[in-house]
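Open the structure in your viewer and keep the sequence panel beside it. This tour goes from one selection to the next and says what is there.

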Amino acid sequence: MKRLVLLIAFVAGMITETMAIDIVVKPGDNLYDALQIVRNMRRLAKQPQAYNIILRGGEYVLDRPLVLRPEDGGRSNASTLTIKSATGERAVISGSANVTGWKRQGKLWVAQAPRINGRTLQVRQMWVNGRKALRATQFGEYKLERMLDFNTDKRTITIPTPSNIKQLKNASSLEMLVHQRWAIAILRVKDMKVLADGKTEVSFLEPESHLEFLHPWPQPIIDGEKGSSSFCLQNALCLVDEEGEWYEDESGQIYYYPHKGEDMTTADVRIPRLERLLTIEGSPLRKVDFVNIEDIDFQYAAWNCPSVKGHVTLQGGFAVTEAYKLLDAGLPWNANLENQAWIERPVAAVQVAWGKNVNFRSCGFSHLAATALDYRTGMKHSQISSNRFTDIGGTAILVGSFAEGATEVHNPLVIGNEEYTEHIRIQNNSISDATNEDWGAVGIGAGYVRHTVITGNELNRLNYSGICVGWGWTAHDTGMCCNEISNNQVSDFARMLYDAGGIYTLSNQPESQISNNTIKALGEAPYATNDRGFYIYLDEATDGYTISGNKCDAPKFGDNKPGPKVTWK
């Protein structure tokens, strides 16, 4: 990227006391320099001043995430920092690297992954001409097979012996995706032992092996209501046998099976080099205030965690870091609780924390492998409005604390007012084809939040639940209250996982409402082991909600020990 030497001299002569200062950036210029210019001008200004960083149309490829700090934001509407596309143009902030030099090798095309900072780039995602390619899989996209046994003592899963077992046994980075009720697990294969009668016993690497076989919720089921839990093997060269599939070996060679008519010598092939594109983060003592991000597209961010340590989830895409079943049920806050779990938050392409009046408007989020936009701890009085989310690997919009880190997730979370995320408005966003990599993620997920409004959003093509509010599985007062889920449209959800809801709630949330939503096209989830898919699902200890005016395909509602202050109208 070019430094903005001329730009500094230009804007220095434009400063006025009454107008926002425009800093214009074009593709090839250095975005980091533009942010530093604003910071320096704020530092030297004698009175509050608003700044616009205006991006001309085109792609801005990052070599490291952009970071906005408290020094970059304003202190009032008169000193707002706005980063936006130029009028009538569209700027794209991208974390991609190009794959070029493709050569034919039989039915496949082969190319070397690019080297970044002296190392060959190894990733889990690839896009060809804007379409997400399918990482090599055993049966095809969204296709699984029922497992034969799940042995918690031996820590093995028994499956029907694959026809190409000899090649799979020699695969160096083979993985198994496990479908387990409302979540998935991604387990790196350690060994495959062929047994008699067409069976193969599979064991796994640590740390995911002990997590998968110790944590009770959720685990795979054998001989459930609708059959046993399912699986597929992934990520081996011998599995690249259908159009659109690809595989990268340890040396960085990428193998791709083209779609009919694809010419890889001219194709635009992208792999993501970054997991994070933008961070906006203050601190408990000094927040980032008055920042607007408008009319900008965020594209191509990675999710690499499962390649390093597997991925065993509790719910909503949150991976467990420790989990186990209690030998004797009961804890001071829940006499019937029989398990413990600690979780970590999934990576996000855009992460915001400890801020106020931080707004995303009319932006696009696409080709992102994990969470797209994440408002974490300590967020206040902010809006996420009129944005478009498509082709998202995890959750599109994530908001509030989920007791990740040191707190056991069932322990009623008590946090200070400064930490609480509240007065967030999520409005008129379009979400389609999210959860396409971690099927257990959701469209919109809100944890410990209050005074949060989710309204007028359209969500479709989701593999688990649509809009989820609440966390903790507790009837205790944790501060959650006054949340509104209204006038949303949710359709084509629960495509792969059940125990799902088009609208889903957890725990005690006084003075909250679910009203005037349209929920339809509950998915079939062909590998579910039960029939627990609902249009509205009040999960454990949901309380304080008034539910009215919702339109659904059928009166299929579910609950799990709701409280006495739920009112259906």
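**Start at Glu294**

Select Glu294: with 17% relative accessibility, this residue counts as buried. The model you are looking at is predicted.

The side chains of Arg361 and Glu294 form a salt bridge, 3.2 Å from N to O. Is Arg361 buried or partly exposed? Arg361 is partly exposed, at 26% relative accessible area.

How many salt bridges does the structure hold? The count is 29.

Select Glu175 and Arg124. They form a salt bridge, and their closest N and O atoms are 2.8 Å apart. This pair links distant parts of the chain, 51 residues apart. Glu175 sits in strand S18 (residues 175-180). Arg124 sits in the loop between strand S11 (119-120) and strand S12 (127-128). Check the accessibility of each partner. Glu175 has 3% relative accessibility and counts as buried. Arg124, at 5%, counts as buried too.

Next, select Glu208 and Arg188. Their side chains meet in a salt bridge of 2.7 Å, N to O. Glu208 is in helix H4 (residues 208-214) and Arg188 is in strand S19 (residues 183-194), so the pair ties together parts that are 20 residues apart in sequence. Both Glu208 and Arg188 are buried.

Then pick three residues at once: Glu59, Asp268 and Arg270. A network of salt bridges links them.

**Around Glu404**

Move to Glu404. Where is this residue? Glu404 lies in the loop between strand S37 (397-399) and strand S38 (421-427). Its relative accessible area is 18%, so Glu404 is buried.

Show the side chain of Glu404. A polar contact of 2.9 Å joins this side chain to that of Arg345. The Glu404 side chain also reaches the backbone nitrogen of Phe402, at 2.9 Å. Which residues does Glu404 touch, leaving aside those up to four places away in sequence? They are Ile343, Glu344, Arg345 and Arg376.

**The cysteines**

Color the cysteines. A disulfide is a covalent bond between the sulfur atoms of two cysteines. How many disulfides does a search of the whole structure find? It finds zero.

Select Cys305 and Cys232. The sulfur of Cys305 has its closest cysteine sulfur in Cys232, 18 Å away, which is too far for a bond. Cys305 counts as partly exposed, at 21% relative accessibility.

Go on to Cys552 and Cys468. Cys552 is in no disulfide either, and its nearest cysteine sulfur, that of Cys468, is 15 Å away. Cys552 has 24% relative accessibility and counts as partly exposed.

**Last stop: confidence**

Color the chain by pLDDT. The chain average is 95. Of the residues, 97% score at least 70.

Finish by selecting residues 8-18. Here pLDDT stays under 50. How many contacts beyond four places in sequence does the model have for residues 8-18? It has eleven.

Methods. Residues numbered from 1 in each chain as written. Predicted model: local features only at pLDDT ≥ 70, side-chain atom pairs only at ≥ 80, totals over all residues. Heavy atoms only, no water. Salt bridge = Lys/Arg side-chain N within 4 Å of Asp/Glu carboxyl O. Helix = DSSP H or I, 4+ residues; strand = E, 2+ residues; numbered from the N terminus. Buried < 20%, exposed > 50% of the residue type's maximum accessible area, 1.4 Å probe, protein only. Disulfide = S-S within 2.5 Å. pLDDT = per-residue confidence, 0-100. Contact = heavy atoms within 4.5 Å. Polar contact = N/O pair within 3.5 Å; in protein donor to acceptor, adjacent residues only side chain to side chain.
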